[in-house]
2 protein chains.
Amino acid sequence: MTFNFDSVYIDECSTVCGPYEKKGPLRRYFDKTYNDLDMGEDSWELAEIKLVKDALSMILKKSGYKKEDIDLVIGGDLLNQITASTYGTCGVGNGFIGIYGACSTSTLGLLVGASLINSSYINNVICVTSSHNLSSEKQFRYPTEYGALRPISATFTSTGAGACLLSRDVSDVKIESATIGKIVDYGQDDPNDMGRVMAPSIIDTLTKHLEDTGRDVNYYDLIVTGDLGKYGMEIVKDYFLTEKGIVLSNYKDCGVMLYDLDKQKDVKAGASGPACSALVTYSYIYSMLKEKKLNRVLVLATGALFSPTMVFQKQSIPSICHAISLEAV
Amino acid sequence: MTFNFDSVYIDECSTVCGPYEKKGPLRRYFDKTYNDLDMGEDSWELAEIKLVKDALSMILKKSGYKKEDIDLVIGGDLLNQITASTYGTCGVGNGFIGIYGACSTSTLGLLVGASLINSSYINNVICVTSSHNLSSEKQFRYPTEYGALRPISATFTSTGAGACLLSRDVSDVKIESATIGKIVDYGQDDPNDMGRVMAPSIIDTLTKHLEDTGRDVNYYDLIVTGDLGKYGMEIVKDYFLTEKGIVLSNYKDCGVMLYDLDKQKDVKAGASGPACSALVTYSYIYSMLKEKKLNRVLVLATGALFSPTMVFQKQSIPSICHAISLEAV
């Protein structure tokens, strides 16, 4: 299903990131960067909460809105019970919707927020998401002290938070439409190969978006996926080429854009985590749209909807992808 | 903020529960009950997923819709990364929105779903939520084998799932409006006294709902809170009486309604978990509205937005409450 919006604009964006992202090629687009992963806090969870608070305080400052002027905050993250979002956003806005879409959180939040603005239920909304490499490693993988080796297909959870303020006030960048994804499960079960897990959901949502809108892939100056990493990207490209005869020449992946994969070898196949697509979309892509260097961008953020418990129980990993069409005004 | 709906109806509801709920006073209103907590599955998580699948298959059967006729599924639960909802709903509907609102999930889902229907983005939506006593105990509390004693203020996570199908087709029960809550944190930090943690968010959202709609509490035949339990209820009643001079005579709590607190001593202060308000609302309350024994009901489901990790780190527990106004047509 594709929802069309006629009066939803991006008022402002804010981004904050950690040391790995700061060393990546998009460093100059971020509003704030940290040199250390602890952000001056006593735990990785509190560090991630700090990132959310940073993103919110910056977007309020940049936009001129006060905390109490914000109708709604929509937030979600990877931490159990989305505590980065709930603890980080407490005190901002007159309502809160908690969402869970793993690494698809950025576009899921924009989709829900834009729908509520376009139908005049609210005047403005801040959509925020975050991830932290070490709060995620602690929760989803091995204690880092074990020194477990990661295969080349593994992605590296990005550290950062991104916020996006939507309203009906005409600005330079519009949210034109959104395609909501469904849960896709192709029986993949390797948590160290998320690109392979999530590629089918991108194919599903991108195909649906093109069908619903009657567009072809060249309608967009850029089609960008959430965080497939370099191997997952190849699956999507191969599928469209071999199954549909479509060359995805205008296609990039936020997970590949966020780091310099040749120099930052630790990150293996690329970035992941809800912050990944938020950091790239709300900094670089938003700038390019504002400057009209890009005019039409389709962002397809993707989430792997698993938990360590389900992986331990030998269950496959479902995934989902939600798409947002952004246009320069 | 209160959203008004002019054309959102409850098409059908379904409920399934475990052995404790089956022994409670609402037993005859549930569609399906289990005598054991394992639901024939190999893990508590798979048992909870089974409950979600049961609720969905029953609501599809009762309504006559096919899986592919459903525009959207909105789901959320307490399991880390809401896996009961993602694994349980996979294959149903053309889109999925994952939400997290802890025990406020039922009304949060209805609020988002009703907004999307009322603004004609979708034609129908199934909102589903679940909880399971032992998947929750395992994740949030002690291994049950430790035999840790629970204080009288503790609530008992309910086992069950409830689904609600909304559409624009006129039926016997209408969703009239919804008030979205904000995150409230009064510095409470006892996970064994959730009633005290969540009472302030009920007070906040109920006050806002009455202000926004210009109604007084007697407008409703019944005001029902999510799962405060018997002590949390007293806090809400005391507050309205002493601070506002309002007697809440038409007030009940789903956590107190689901069990027979005098006989089922194990449950201590009452039921909790996202299934609690869903089981009571989608069975007993829905029936009373259909039969016009109740005409106007305000459901205020409440969630404690914490994780064990944040409690171990000595953080306070924020909470949230979303309200849904139901009317007999």
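This is a predicted model: local features need pLDDT of at least 70, side-chain atom pairs count only at pLDDT 80 or more; totals for chains, interfaces and linings use all residues.

Biologist: Take B:Ile126, then; which residues does B:Ile126 touch?

Modeller: I'm leaving out anything up to four places away in sequence.

Biologist: What is the radius of gyration of chain A, and what would a compact globule have?

Modeller: The C-alpha atoms of chain A fill a box of roughly 50 × 50 × 35 Å along the principal axes, and 61% of the 329 residues are buried. For 329 residues, a compact globule would come out near 20 Å, and chain A agrees with that, at 18 Å.

Biologist: At what angle do helices H6 and H7 of chain A pack, and how far apart are their axes?

Modeller: H6(A) covers residues 194-213 and H7(A) covers 229-244. Among the residues that meet are A:Ala199 and A:Ile202 from H6(A), and A:Ile235 and A:Val236 from H7(A). By class, that contact has eight nonpolar, three polar and one charged residues. The crossing is right-handed, with an angle of about 35 degrees and axes 8 Å apart.

Biologist: Is A:Asp227 buried or exposed?

Modeller: A:Asp227 lies in the loop between strand S10 and H7 of chain A. Its contacts include A:Cys103, A:Thr155, A:Asp253 and A:Thr302. The cut-off for burial is 20 or more other C-beta atoms within 10 Å. A:Asp227 has 36 of them, so A:Asp227 is buried.

Biologist: And how far is the C-alpha atom of A:Asp227 from that of A:Asp189?

Modeller: The two aspartates sit 38 residues apart along the chain. Between their C-alpha atoms the separation is 17 Å.

Biologist: Last one: by class, which residues make up the side of chain B that touches chain A?

Modeller: Here 47 residues of chain B are in contact with 47 residues of chain A. Elements of chain B that each supply at least two residues include strand S4, helix H3 and helix H4. Sorted by class, the side of chain B has 24 nonpolar, 19 polar and four charged residues.

How values were computed
Residues are numbered from 1 along each chain as its sequence is written. Chains are lettered from A and ligands numbered from 1 in the order in which they are written. Two residues are in contact if their C-beta atoms, placed from the backbone, lie within 7 Å. The radius of gyration is taken over C-alpha atoms; the globule rule is 2.2 Å times the number of residues to the power 0.38. A residue is buried if 20 or more other C-beta atoms lie within 10 Å of its own, exposed if 12 or fewer, and partly exposed in between; C-beta atoms are placed from the backbone. Axes are lines fitted to C-alpha atoms, for helices over the stretch in contact, and angles run from 0 to 180 degrees between N-to-C directions. Helices (H or I, at least four residues) and strands (E, at least two) are DSSP runs, numbered from the N terminus. A crossing is left-handed if the near helix is turned anticlockwise from the far one by less than a right angle, and right-handed if clockwise. Ala, Val, Leu, Ile, Met, Phe, Trp, Tyr, Cys and Pro count as nonpolar, Asp, Glu, Lys and Arg as charged, and the others, Gly among them, as polar.
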